[in-house]
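Student: Could we go through a structure together? I would like to begin with one residue and then change topic.

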Amino acid sequence: MTNDQKMKIAMIGNGKSTNRYHVPFILQRPEKMEIKTIWRRSPSRDAWAPLQGVNYTTDLTDILEDDDIDLVVVCTRQDSHYEYAKMALEAGKNVLVEKPFTQTYEQARELFDLAKEKGLFCSAYQNRRFDSDFLTVQKVIESDVLGDLLEAEMHFDYYRPEISENCHEYSADTSFLYGHACHTLDQVLSYFGLPDDVHYDVRQLLGPGRMNDYFDLDLYYKNFKVSVKSSYFRVKSRPSFVVYGTRGMFVKETKDRQEDDLKKFYMPVNKDFGLDRPEHYGTLTYYDEAGTYHEEKVVSEPGDYARFYDAVYESIMNGKEQLVTPEQTLAQMEMLEKGVRSLH
């Protein structure tokens, strides 16, 4: 552990994941953390401007044998997450791994067992716990105006038929379920806990031997059900969230805007980064205890992926409990594996 209590970070991988979804938010916390080293296999393929003061290397020992490094972040392709995470843990490094965490439940369990044996931090990077739409839904639920919860629907839709049409083989690694349910399932598990039962409807809309491009998972909690749905063939996206209760409902049409801004290279240094405008606010409709009907807009909670790194800092530097527990990640990996088991 460093003496100045600034968390020193090394990144394995130097592509879109590193530079779009990690670096901008680490840089928002200069008093707490800094990036020391970035490893990449092929410098000739670097597509992002180098960060000032950061050591770029093609030698992993520059990370694994550096006692100054407090955290290694694995931002490579999913099929190498397990390999690099295990390598870092065996070298005595705390590890944060992009999602989906691993290819299999067994790989995930092995990594967590190894981390526990060595007394190290090991977590999946579930930054979407700090999505604006998800935080706003929590605010509405906790206001109690909906009454007892009955059902929630979560959608992550695209209209990208060319992706499915141009894919002529099936791979679990690149399946839509692995690539997108890893976001929404974690939100469900983090807020509602482990379900009593799960129903899986995971499809290859263009037939066997093609990519998985659709899923609909129902998670059951006593009298409450959460549906997690996504498709590559939605000309018009379904609402990001719909929540139903005994006294009302809340609809949030649009998703968190942080990713949209990042894709435009509009970074978190801007005060309005990722913020919803009034036209993006969700609609809350309910009857109060006197039977009076209400319909109103709900100002969106601000999303902030840097808050995930705040939680990582507190766990590694101050010994706080992990935000994303191994049990939550293992439960998700089990669902992902079960969901694609019948596909080929």
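Tutor: Phenylalanine 265 counts as exposed, because its relative accessibility is 55% (buried means under 20% relative accessible area, exposed over 50%, partly exposed in between, with a 1.4 Å probe and protein chains only). This is a predicted model, in which local features need pLDDT of at least 70, side-chain atom pairs count only at pLDDT 80 or more, and totals for chains, interfaces and linings use all residues. Residues are numbered from 1 along each chain as its sequence is written, and side-chain values use heavy atoms, with hydrogens and water left out.

Student: Where is phenylalanine 265 placed?

Tutor: Phenylalanine 265 sits in the loop between helix H9 (258-263) and strand E13 (282-287); helices (H or I, at least four residues) and strands (E, at least two) are DSSP runs, numbered from the N terminus. Its phi is positive, near 60°, in a residue other than glycine.

Student: What about the phi of aspartate 144?

Tutor: Aspartate 144 is not a glycine, yet it has a positive phi of about 70°. This residue is in the loop between H6 and strand E7 (149-155).

Student: Is aspartate 144 buried or exposed?

Tutor: Aspartate 144 counts as exposed, because its relative accessibility is 52%.

Student: New topic: which residues does a cis peptide bond join?

Tutor: The cis peptide bond joins lysine 99 and proline 100, with omega about -5°. Proline 100 lies in the loop between strand E5 (94-97) and helix H5 (105-118).

Student: And which residues of H6 meet H8?

Tutor: Phe134, Gln138, Ile141 and Glu142 in H6 meet Gln187, Ser190, Tyr191 and Phe192 in H8, where contact means heavy atoms within 4.5 Å.
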